[in-house]
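Hello! Here are a few friendly notes to read with the model open beside you. Take them one at a time.

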Amino acid sequence: MPELPGETHVVVKHAPANAEARPETLVEEITPTSGFFRRSNFDWPELSSERHQIVVDGAVVRPLLLSLAELRDLPWRRFTATMECAGNDRLGMAPLPAGELWQGGAVSTAEWAGVPLAAVLERAGVQPEVLEILLEGADSGTPADAPGGARFARSLPLGKAFDPDTLLALEMNGEPLPRAHGGPLRLVVPGWYGMASVKWVGRITALTEPFAGYFQRDRYVYRFPGEPAEPPVTEMEVKSIITTPLAGEVVPLGRCTVRGWAWSGRGAIERVEVAIGGGDVWQPAHLHAPASPHAWCGWEYDWEVAEAGRQVLRSRAWDAAGNVQPAAARWNELGYANNGIRQIVLTAR
Ligand SMILES: Nc1nc2c(c(=O)[nH]1)N[C@H]1C(S)=C(S)[C@@H](COP(=O)(O)O)O[C@H]1N2
Ligand SMILES: [Mo]
């Protein structure tokens, strides 16, 4: 029985384990592993870190059976990356879509280390007609709308699979990857919403046809009302959060440093602005250098708290591709990618 994360997290669901990072935890640039958000569709599979092997098959020249020891011998890569669940802030969408009841804590940042997926694919030799690389988790179950059962499995377009930063991660924050986060082996796809980062990887298959599994076609697609196409959920949309002060806090009159993070899977963060109160007056925040191109960017704003009473703070971020947070994200049936501007309410005294 996994420990109950009631003290380290804000629990959304006990089984399977779905829990948000606590607002106090998100003040840190690197989220401690013990407080990193958890999102699982099924119970955690139990895999042995000594005996676990990964199968590499499909349209490859040399099918492989790789032990984790063999994988560890390939050249490593290490970087900090922010991961956000596509369903984060679903509770802020109206009308409320079906799905896990996430507020804003389904985002965290860790230092990941392991072997690029590309190194394994190069060893196996991908045939020229390959379109996608499928990663299968060891977890499966029976979603209500998939009575035949489903395994957690997701494909990546070939280019993304060969990106040197698409990582088969063996370590998180300098420790062996814990079971809660996909240990002993998970994929980390920086810049994409979390669903791409398949945990408990057991099989890697080169496909010559687009993958049409449950978690590819029935979930993690944008269903916009009245539109027949259902584009896949991929890159994280530009977003920012305020971490200091916390919502509901009482702040004294005078100087208050407002702090937070901003991130985007579509380009570096170029600008963050803060609004005090309602209306459309925005002031630039000061940006810090992010820990890596894949990590959230810290920002701060010096707020002169002049009046006692209720105060509302908002932040909005821009990325290098010209994307800016909208007042409200585009509504979609499954409630993904809510990057609309958020507001926190507090009291000055
Ligand atoms: N095998 C497997 N991988 C998975 C999932 C899952 O349910 N099973 N959930 C995905 C989703 S939706 C997210 S947001 C991230 C969450 O990773 P974490 O639990 O380490 O925070 O894992 C992804 N990888
Ligand atoms: Mo997710």
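Which strands each supply at least two residues of the shell around ligand 1?

1. They are β3 (38–39) and β8 (132–141); strands here are DSSP runs of E, at least two residues long, numbered from the N terminus. This is a predicted model, where local features need pLDDT of at least 70, side-chain atom pairs count only at pLDDT 80 or more, and totals for chains, interfaces and linings use all residues. Residues are numbered from 1 along each chain, chains are lettered from A and ligands numbered from 1 in the order written, and side-chain values use heavy atoms, without hydrogens and water.

2. Ligand 1 is surrounded by 20 residues (each with a heavy atom within 4 Å of it), and Phe37, Asp139, His181, Arg186 and Lys199 are the closest.

3. Now look for polar contacts (pairs of N or O atoms within 3.5 Å). A polar side-chain atom of His181 is 2.7 Å from an oxygen atom of ligand 1. Polar backbone atoms also take part: one of Arg39 lies 2.9 Å from a ligand 1 oxygen, and one of Asn41 lies 2.8 Å from a ligand 1 oxygen. The protein covers 100% of the 530 Å² of accessible area that ligand 1 has on its own (Shrake-Rupley method, 1.4 Å probe).

4. The space taken by ligand 1 is the largest cavity; a cavity is a set of points, on a 1 Å grid over the protein atoms alone, where a 1.4 Å probe fits but cannot get out. About 240 Å³ of space lies there, counted as the space filled by probe spheres set on the points.

5. Finally, find the second largest cavity, with about 30 Å³ of space. Its lining (residues with an atom within 4 Å of a point) includes Met83 and Trp192.

Conventions
A polar contact is a pair of N or O atoms within 3.5 Å; within protein, one must be able to donate a hydrogen and the other to accept it, and residues adjacent in sequence count only if both atoms are side-chain atoms. On a 1 Å grid over the protein atoms alone, a cavity is a set of points where a 1.4 Å probe fits but cannot get out, and a pocket is an open set with protein on both sides within 12 Å along at least five of seven lines; lining residues have an atom within 4 Å of a point. A molecule sits in a cavity or pocket if more than half of its atoms lie within 2 Å of its grid points. Helices (H or I, at least four residues) and strands (E, at least two) are DSSP runs, numbered from the N terminus.
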